[in-house]
Amino acid sequence: MNLAKEHIKKAHDWFESMGWSAFPFQTSAWNAICANQSGIVNAPTGSGKTYALFVGALCRSLTIKRNKRHGPLIIWITPIRALAKEIKISIEKAILGYDLDWRVEIRSGDTTSTQRKKQMSHPPEVLITTPESLHVILATKGYTKFYKSLDTIILDEWHELMGSKRGVQCELAISRMRGLNPNLSVWGISATIGNLDEALDVLLGEHKKPNSPIIIAEVPKKTEVISIFPDNIEKYSWAGHLGLKLADKLVPIIKASKTTLIFANTRAQSEIWYQKLLDIAPELSGSMAVHHGSISRDIRNWVEEQLYEGALKAVIATSSLDLGVDFRPVENVIQIGSPKSVARFMQRAGRSGHAPGAVSKIYFLPTHTLELIEAAALRDALKIKNVEVRIPYIRSWDVLIQYLMTLAVSEGFEAEQIYQEVKQTHCYQSMTEEDLDKILSFLVHGSQSLKAYDEFQKVIIQKNIYKVIDRRIAQRHRLSIGTISSEAMLNVKYLKGGRIGSVEEWFVSHLNVGDSFWFAGRPLQLVMIKDMNVLVRKSKKVTKRIPSYLGGRVPLSTEMSEVLRTKLYQYEKDRRGEKELNRLEPLLELQKEKSILPSEEEFLIEYFESKEGYHLLMYPFEGRYVHEGMGALIAQRLAKKMPITFSIAMNDYGFELLSDKKIDIEKELSKSLFSPHNLSVDIQSSINAAELARRKFRDIARISGLIFQGFPGKIKKDRHLQASSSLLFDVFKDYESDNLLYLQTFEEVMTFQLEETRMKSALNRIQNQKFVFQYPTHPTPLAFPIMVDRLREKMTSERLEDRISRMTVKFLK
């Protein structure tokens, strides 16, 4: 028996001693890793993915002979810090089972400088870290020695990383580690992704081999989806995003379970719901908590510990608890409002029944009536496993520039060597030597248009090695490592006491001294703003003011749009056994009475007049972002035919063009208006893509180091950063239009914001449908939420609620 088989046998023995039996996919992973292969394990939440990968990596490291270890043998990458603690506990169990004297340590943004130094001088055998911390180590002198001993790197929740620039960070870090250790074994873990083959391509790049395995766990996972219905569907809100009228239906669910996780889609929603539940069930005080990314790490740690121990009845969270976290006491999950994504819904459902063979139970609470269709659509999507694909980033020059700066501030780099390594990644496999020359020129000279400014000249060349020798430049870069973009944040602290969390600068700018607001599940009063700190004291005032965060609206994914349309079309065909569709009958029948409910072959166009003007509504059911671009596109093409101006509103179901001029829609809305021909040019001119790109460029400028957000405690104001990036954008636009960062900005706007490919597909579908023109006298149930979305931009929530009530009463008369 060879050494690898001995260690795998020991794994089976340990499993047996724990009362477990290894699944076939776990055994397959152990064998593949020991055979020095790289690949992906695809398995549902709670099926034993951690042991499938770690035990295999452990067995592999035990078979490798080495003289001396200078760094970790296994690195585990996790996208969120909340996962690290659970992973550490699981890994330490396995190490104990093997009777090894190995250390497992976590390195993240919360790790103290003392701990970091100790990890470099006396590294653990297993390091659990994040993509950002991986690059911080690369920015440290001695990183080559630290990574030289590495046998295996495991990327948890690869589907989550792959669809972001953090995935690109991982690709680049792996390329450097492979350069140091060609025998490195690379593995990804993914639970919910629709393009597994592409995920493997992105993970391994040019190192992918014909036999690189995708190991799929055939572990059955049942998910029970239960919709929460209003008592009277006709009186429930036709539009909205909170669903507070159903709050009383949550209390019995919370009280009947050991622990319930309640997911909201935004941080503001989680705070509002916490306050609402305390109002109607004050007895939950002390046994309920809030968890989101803006709350301080200490408070989040406390909440997570209480969850592990089963000491909390309920936790209201955002995506901060989405991924892989195993809180065994959680019996039920409640989703407030549509998650807009099948994968996100599946991830959240998996927080209950987090064990092999256990049933995950998730309640769906609609924030407005039509969302019940999405509940039914999600149930179907889970059955057929119609999960979202993740679009990988390619040619992300901003991340590459940051990476090269990272290497330059530590040990420096040789251009040709790094070029060959980076070319092996999926993101940069099309990069040319000319592209690299432009990037190197950017680092040394600050690009063609910025050569006259010393602050952009950061790197020097010594004996063919690119390096940074200015300590201030190096310090600024180390503080800027990362690709996660957010608005300017201010710390919220007690006047006498610790940090509570952080809120966005724009929210604080609307507060006066003495104002109260609700944050982290507690009422607070603003005392003063000092430096970048919002100093507060506890407040006795009851307030409804809650910090909201920009960018909270998430559009329907492609897959969600597909299942939503299918479910809507099903209403007329066969709705037997469909609780949600049957409950929605009064509303959908009203839609049919006032207009029509479109079939698969029909494209509905509604047109009516009100005091506001002439309302033109269309329903592609393709998601907010696509409707934003399509609405602007149709408005622009109509304006070419006649002198007319539109204001545009949209939601996930359709869009509205409002004008003060009547048009003959049956004459003017020809199918050629929806042609995908010349789409790219028309979109850019219709929606002012330059302005969208200008806003996007700020993130690219920050990642690439063109702008610096400031030192800790002295963060630059948001408007100053925007002004700086806008100035640079204009310089490139006017004097260097072939600048790689400038071109990248437009590519990202078209691909990720306007979803050009998806819009083209939607236009082709619409062209093959029959146009059905309807002329209702008032807004229909489908039109109503779109119009409310437009009104929400102009009114306070109280005034809006009154307006919605009046509009509903008027419509039902």
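**Entry 1: the three-stranded sheet**

I began with a sheet of 3 strands, which is open and runs in the order β14-β16-β15 with antiparallel pairing. I noted β14 (413–414) and β15 (460–462) as its edge strands, since each pairs on one side only. The model I am reading is a predicted one. I then looked up the pairing of β15 with strand β16 (residues 465–467) and found 3 bridges in the antiparallel sense. Within this pair, glutamine 462 stands opposite isoleucine 465 in β16. As background, I recorded that strands of a sheet pair through backbone hydrogen bonds, either parallel or antiparallel.

**Entry 2: the seven-stranded sheet**

I turned next to an open sheet of 7 strands, ordered β3-β4-β2-β5-β6-β1-β7, in which the pairing is parallel. At its edges I found β3 (104–107) and β7 (214–216); each has a single partner strand, so one side of each lacks a neighbour in the sheet. From one strand to the next, the twist averages 20 degrees. I also looked up one pair inside this order: strand β2 (residues 74–77) and strand β5 (residues 152–155) are joined in the parallel sense over 4 bridges. Here isoleucine 77 stands opposite leucine 155 in β5. I then recorded a helix that packs on the sheet, α10 (residues 196–204), which touches β1 (39–42), β5, β6 (185–190) and β7. The direction of α10 makes about 140 degrees with that of β1.

**Entry 3: strand β12 and its partners**

Which strands pair with β12, and in what sense? I found that strand β9 (residues 259–263) pairs with β12 in the parallel sense over 5 bridges. Threonine 259 stands opposite valine 330 in β12. Strand β13 (residues 360–365) also pairs with β12 in the parallel sense, over 4 bridges. In that pair, isoleucine 334 stands opposite tyrosine 363 in β13. I next checked burial along strand β12 (residues 330–336): 6 of its 7 residues are buried, and the strand is therefore largely enclosed by the rest of the structure.

**Entry 4: proline 366**

I followed the chain from β13 into the loop between β13 and α15 (371–384), where proline 366 has its place. For a distance in the chain, I looked up proline 24, which is 342 residues from proline 366 in sequence and 39 Å from it in space, C-alpha to C-alpha.

**Entry 5: helices α16 and α19**

Two packed helices are described by the angle between their axes and the distance between the axes. For helix α16 (residues 397–410) and helix α19 (residues 471–480), the axes come within 10 Å and cross at roughly 130 degrees. The two helices are therefore oblique to each other. I recorded the crossing of α16 and α19 as left-handed. On the α16 side, the contact is made by Gln402, Met405, Thr406 and Val409. On the α19 side, it is made by Ile473, Ala474, His477, Arg478 and Ser480.

Conventions: Residues are numbered from 1 along each chain as its sequence is written. This is a predicted model: local features need pLDDT of at least 70, side-chain atom pairs count only at pLDDT 80 or more; totals for chains, interfaces and linings use all residues. Side-chain values use heavy atoms; hydrogens and water are left out. Axes are lines fitted to C-alpha atoms, for helices over the stretch in contact, and angles run from 0 to 180 degrees between N-to-C directions. Angles under 35 degrees count as roughly parallel, over 145 as roughly antiparallel, 65 to 115 as roughly perpendicular and the rest as oblique. A crossing is left-handed if the near helix is turned anticlockwise from the far one by less than a right angle, and right-handed if clockwise. Contact means heavy atoms within 4.5 Å. Buried means under 20% relative accessible area, exposed over 50%, partly exposed in between (1.4 Å probe, protein chains only). Two strands pair if DSSP finds at least two bridges between them.
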